[in-house]
Amino acid sequence: MAFVTEEQIQQFHEDGFLVLEEFFTTEECDAMREQIHKIIAKMDVPPHCRTEFSTNEEEQLQAQGSADYFLTSGDKIRFFFEKGVFDEKALHAYDPIFKQITHSSKVQELGRKLGFEKPVVVQSMYIFKQPGIGGEVRPHQDATFLYTEPLGRVLGLWIALENATQENSCLWFIPGSHTNGITRRMVRAPPGTIPCTQFIGSERTYQDSQFIPVPIRKGGLILIHGEVVHKSELNSSEWSRHVYTFHLMETKDTSWSKENWLQPTPELPFPPLYT
């Protein structure tokens, strides 16, 4: 892996995303896929807890299932279903393989290159995006769901465990859209309320012509600014598109919103990235 250059960092600041090919090895990708299969083999999700997660407001509010299962997922490995695909959260905290990847020396070095002084890992997901049924993810900004004051303190790391192409639903971005702030947030509803979250504000309207496809090969890493607008299409191909993704937050001079659906707990505060 040729490590990130100053020119690439400048490109990230301009575009709001950056592709780093061959950041992880084939062996590391295969180890994550093998580990997730072991976890799935032991999966037991009660029917009333089969919660869907969506970036679409109406779908998310209608399909949350068990409010407790959703709101308390930040410090547990839990499964969330969406339009023919499910993902799994908190792998960075509890599974040794994913914890090792998340806190690997190259991820730590990348964090330092990007200027992170006291980053923590706030959440992680394994996204399957199965062939023929992997659902569309509507245009969104991660800061809608992971809000900080000031903005600009959240970074997504999106690891392709298989080739991600236009055919099997690679990511699409609006370059430079991270400079326009956010207009919508998902927040916790008052205790005892169903659904357990609600949206405030409204999403901007985007045109398909604003987006560019960002294919990436197996082992590649995409850095995603918390406010850049991105999406993915339905996977109607014959190939899956497995991804491991997690989010970092710079804690120095940063406030994590108490209204965010995801909250640290006394048992598991957000773990520091640097070890």
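Let us begin with C29, a cysteine whose relative accessibility is 0%, so C29 counts as buried. Please keep in mind that the model on the screen is a predicted one. How many disulfides does the structure hold? The number is zero. For those new to the term, a disulfide is a covalent bond between the sulfur atoms of two cysteines.

I turn now to helix 1, which covers residues 6–15. Which of its residues are buried? They are I9, F12 and D15. Viewed down the axis of helix 1, these buried residues fall within an arc of 140 degrees, so they line one face of the helix.

What covers the buried residues of helix 1? The cover includes strand 1 (17–20), helix 7 (105–113), strand 7 (154–160) and strand 12 (221–225). Just after helix 1 comes G16, a residue that takes a positive phi of about 90 degrees.

Helix 7 brings us to the loop that joins it to helix 6 (96–102), where S104 is found. Is S104 buried or exposed? The relative accessible area of S104 is 12%, and as the cut-off for buried is under 20%, S104 is buried. The side chain of S104 has a polar atom that lies 2.9 Å from the backbone oxygen of I101.

Four strands form an open sheet, in the order 5-13-8-11, and their pairing is antiparallel. Which strands stand at the edges? They are strand 5 (137–140) and strand 11 (212–214). Each of these has a single partner strand, so one side of each is left without a neighbour in the sheet. From one strand to the next, the twist averages 25 degrees.

Let us look at one pairing in detail. Strand 8, residues 171–173, pairs with strand 11 in the antiparallel sense, and three bridges connect the two. Within this pairing, F173 has I212 of strand 11 as its bridge partner.

Thank you for your attention.

Key. Residues numbered from 1 in each chain as written. Predicted model: local features only at pLDDT ≥ 70, side-chain atom pairs only at ≥ 80, totals over all residues. Heavy atoms only, no water. Buried < 20%, exposed > 50% of the residue type's maximum accessible area, 1.4 Å probe, protein only. Arc of directions from axis to C-beta. Contact = heavy atoms within 4.5 Å. Pairing = 2+ DSSP bridges. Axes fitted to C-alpha atoms, helices over the stretch in contact; angles between N-to-C directions. Polar contact = N/O pair within 3.5 Å; in protein donor to acceptor, adjacent residues only side chain to side chain. Disulfide = S-S within 2.5 Å.
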